[in-house]
Amino acid sequence: MEIKYKNNNSSLTVYVYGELDEYSAQGARNILDKLLFDNLTSNKVIFDLSGVSFMDSTGIGLLIGRYKKLKQFNIPSYITGATVATEKVLELAGLYKIMPKS
């Protein structure tokens, strides 16, 4: 699991690489929470999942948790770049209803 980011014109884009599963979730959660906390002045956060090779329900929970944290600060969150397999998981979980495609 690797996480990179780019802060651009008051929007934060978070690039996620690897697998979002039970094994990687805790480390990703810690990194994302610090990254989001350090960028609370952003107008929006975009999670770029083009580098995600696998995601299970733990990954969905991870994204929902970050959505809830951002919502407390009225910062909208979006998803972009999901692969076909990841897209299917996101659609089945209904995640696009709270975190629209960017």
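The side chains of Lys4 and Glu2 meet in a salt bridge, with N and O 3.6 Å apart. The term covers a side-chain nitrogen of Lys or Arg within 4 Å of a carboxyl oxygen of Asp or Glu. Lys4 is partly exposed at 44% relative accessible area, and Glu2 is partly exposed too, at 41%. Here buried means under 20% relative accessible area, exposed means over 50%, and partly exposed is in between (1.4 Å probe, protein chains only).

A quick word on what you're looking at: this is a predicted model, where local features need pLDDT of at least 70, side-chain atom pairs count only at pLDDT 80 or more, and totals for chains, interfaces and linings use all residues. Residues are numbered from 1 along each chain as its sequence is written, and side-chain values use heavy atoms, with hydrogens and water left out.

Back to the charges. Search the whole structure and you get four salt bridges. One of them joins Asp33 and Arg66, whose closest N and O atoms are 2.5 Å apart. Asp33 sits in helix H1 and Arg66 in helix H2, so this pair ties together parts 33 residues apart in sequence. Arg66 is buried, with a relative accessible area of 4%, while Asp33 is partly exposed at 23%. Another salt bridge links the side chains of Lys101 and Glu87 at 2.6 Å, N to O. Glu87 belongs to helix H3 (84–93) and Lys101 to the segment after that helix, so parts 14 residues apart in sequence are tied together. Lys101 is exposed at 51% relative accessible area, whereas Glu87 counts as buried at 17%.

Now for the sheet. Four strands make an open sheet in the order E1-E2-E3-E4, with mixed pairing. Strands E1 (2–8) and E4 (77–80) are at the edges with a single partner strand each, so one side of each has no neighbour in the sheet. From one strand to the next, the twist averages 20°. Helices (H or I, at least four residues) and strands (E, at least two) are DSSP runs, numbered from the N terminus, and two strands pair if DSSP finds at least two bridges between them.

E1 and E2 pair in the antiparallel sense over seven bridges. They form a hairpin with two residues between them, and Asn9 in the turn has a positive phi of about 50°. Asn7 stands opposite Leu12 in E2, and Leu12 in turn stands opposite Val45 in E3. E2 (residues 11–20) and E3 (residues 44–55) pair in the parallel sense over nine bridges.

Helix H2 (residues 57–72) packs on the sheet, touching E2, E3 and E4, and its direction makes about 175° with that of E3. Helix H1 (residues 22–38) lies across E1, E2 and E3, running at about 170° to E2. These angles run from 0 to 180 degrees between N-to-C directions, with axes as lines fitted to C-alpha atoms, for helices over the stretch in contact.

What about the core? The largest nonpolar core has 25 residues, and Val14, Phe47, Leu49, Leu63 and Leu90 have the most contacts inside it. E2, H1, E3 and H2 each supply at least two residues of this core. Such a core is a set of buried Ala, Val, Leu, Ile, Met, Phe, Trp, Tyr and Cys residues joined through side-chain atoms within 4.5 Å. Leaving aside neighbours within four places in sequence, Phe47 is in contact with residues including Val14, Leu63, Arg66 and Met99, where contact means heavy atoms within 4.5 Å.
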